[in-house]
Amino acid sequence: MRSAGRAARGLKRTLPTGTVLAAHRRHFLVALPDGERVECVLKGRRATLACGDLVEIQRVAGGGAIERVLPRTNLVYRSDAFKEKLIAANVTLVIGVVASDIPVDLELVDRWTIAAEAERCAFLLVANKADLPGFERLLDQLQRFVVLGYRVLPLSAKRDVAPLLAAVTGERSVLVGQSGMGKSTLLNALVPAARARTAEVSSALTTGRHTTTGTTLYPLHDDPSRGWIVDSPGMTAFALAHIDPHAIPEAFVELRPFLGHCRFRDCRHDLEPGCAVREAMERGEIAPHRLELMRSLVAESESVRDPSRR
Ligand code: GDP
Ligand code: ZN
């Protein structure tokens with residue numbers, strides 16, 4: 001009855017839960033379930049929000065005020081050696097994009113799989129530019145991700161994105177990839193209307209201020225709760241130091257069957273006797289480069305937590 005009472009008095013009116021489309025400092029573009037976009041401010045000293053955050057807002061003159069942030073299911077970061085940035089909250093699917101005309105950085109793809117697993121998201125790898133020579137070679141290189149159980153989706157963003165449209169339906173996705181892979185082309189084909197509309201409204205968000213960080217959410221329908229895609233700027237590095245060192249081995253899918261079976265409970269899966277993980281590698285059941293990456297990610301993560309280890 002509280003909100004009805006307020007409405008009757010003509011004071012602030014509580015609105016339905018909205019989704020954050022874009023963020024700029026303390027200003028946020030929020031989409032309501034009916035498709036309306038409201039420019040909102042975040043009051044108080046609360047930590048900042050990410051695209052995909054669900055918020056309760058109230059109308060104020062000229063826009064809205066964010067009253068409450070709903071609990072997140074997860075928070076996906078992008079980071080390089082120097083800084084960490086939020087990509088999106090409440091993500092269900094991470095989509096990596098590689099292409100046949102740019103040499104593929106396989107370790108970068110491995111890092112995307114770890115980022116996805118650590119936040120309990122599904123991972124999908126798009127192999128773009130199927131129309132160009134060299135595509136078969138790219139598919140051969142990506143076979144190792146198929147072996148791990150990940151789906152590799154071959155397509156040409158310029159010709160037909162239908163297979164990807166099916167994969168993103170109902171999902172809350174994040175697109176990652178180095179620039180030039182075709183992310184913009186994919187997004188234009190998947191969500192043309194949403195892109196045009198968001199560009200228009202988010203320019204309002206940045207008028208007279210500095211430009212946005214470039215991470216933007218595109219709803220697949222008017223109602224963003226029916227699925228969306230977040231685009232983030234191309235990045236050549238993908239640091240994962242924000243993941244807890246103890247959570248890193250679990251994020252390697254192929255290690256899971258062996259974890260907990262080492263002689264020592266605190267095994268680092270390095271040179272310890274009776275290490276079930278290393279033994280699996282020696283039997284050819286775990287790829288050596290993945291185990292090496294696991295160890296270096298643990299070291300990276302520990303070094304940011306304990307500067308004396310640097
Ligand atoms: P982004 O930097 O990842 O956003 O990549 P863009 O979408 O800007 O694409 C980079 C270049 O690749 C552009 O010249 C696109 O026209 C081209 N491109 C994107 N998808 C395809 C494709 O499927 N086939 C071919 N031949 N070129 C593509
Ligand atoms: Zn071990």
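**The zinc site and beyond**

Modeller: Along the sequence, the donor residues of the zinc ion (ligand 2) follow the spacing C-x4-C-x1-H-x5-C. Please keep in mind that this is a predicted model, in which local features need pLDDT of at least 70 and side-chain atom pairs count only at pLDDT 80 or more, while totals for chains, interfaces and linings use all residues. Residues are numbered from 1 along each chain as its sequence is written, chains are lettered from A and ligands numbered from 1 in the order in which they are written, and side-chain values use heavy atoms, leaving out hydrogens and water.

Coordinating the zinc ion are C262 through SG, C267 through SG, H269 through ND1 and C275 through SG, at 2.1 to 2.4 Å. Donors here are N, O and S atoms within 2.8 Å of the metal (3.2 Å for Na, K and Ca). For comparison, the ideal angle for four tetrahedral donors is 109.5 degrees. H269 and C275 are both buried, meaning under 20% relative accessible area with a 1.4 Å probe, counting protein chains only.

Now let us turn to ligand 1. There are 15 residues around ligand 1, and D131, G180, K183, S184 and T185 come nearest; a residue belongs to this shell if one of its heavy atoms lies within 4 Å. By class, the shell holds 3 nonpolar, 8 polar and 4 charged residues. Helix α5 (residues 183–190) contributes the most, with 3 residues. Oxygen atoms of ligand 1 lie 3.0 Å from a backbone N or O atom of A157 and 3.2 Å from a polar side-chain atom of K158. For G180, a polar backbone atom is 2.6 Å from an oxygen atom of ligand 1. On its own, ligand 1 has 590 Å² of accessible area, and the protein covers 72% of that.

S156 sits in the loop between β10 (151–154) and α4 (162–168). S156 is buried, with a relative accessible area of 8%. Its side chain makes a polar contact with the side chain of D131, at 3.0 Å; such a contact is a pair of N or O atoms within 3.5 Å, one able to donate a hydrogen and the other to accept it. D131 is also one of the residues that come nearest to ligand 1.

Terms used:
Buried < 20%, exposed > 50% of the residue type's maximum accessible area, 1.4 Å probe, protein only. Areas by Shrake-Rupley, 256 points an atom, 1.4 Å probe, with all protein chains shown as cover. Helix = DSSP H or I, 4+ residues; strand = E, 2+ residues; numbered from the N terminus. Nonpolar A, V, L, I, M, F, W, Y, C, P; charged D, E, K, R; others polar.
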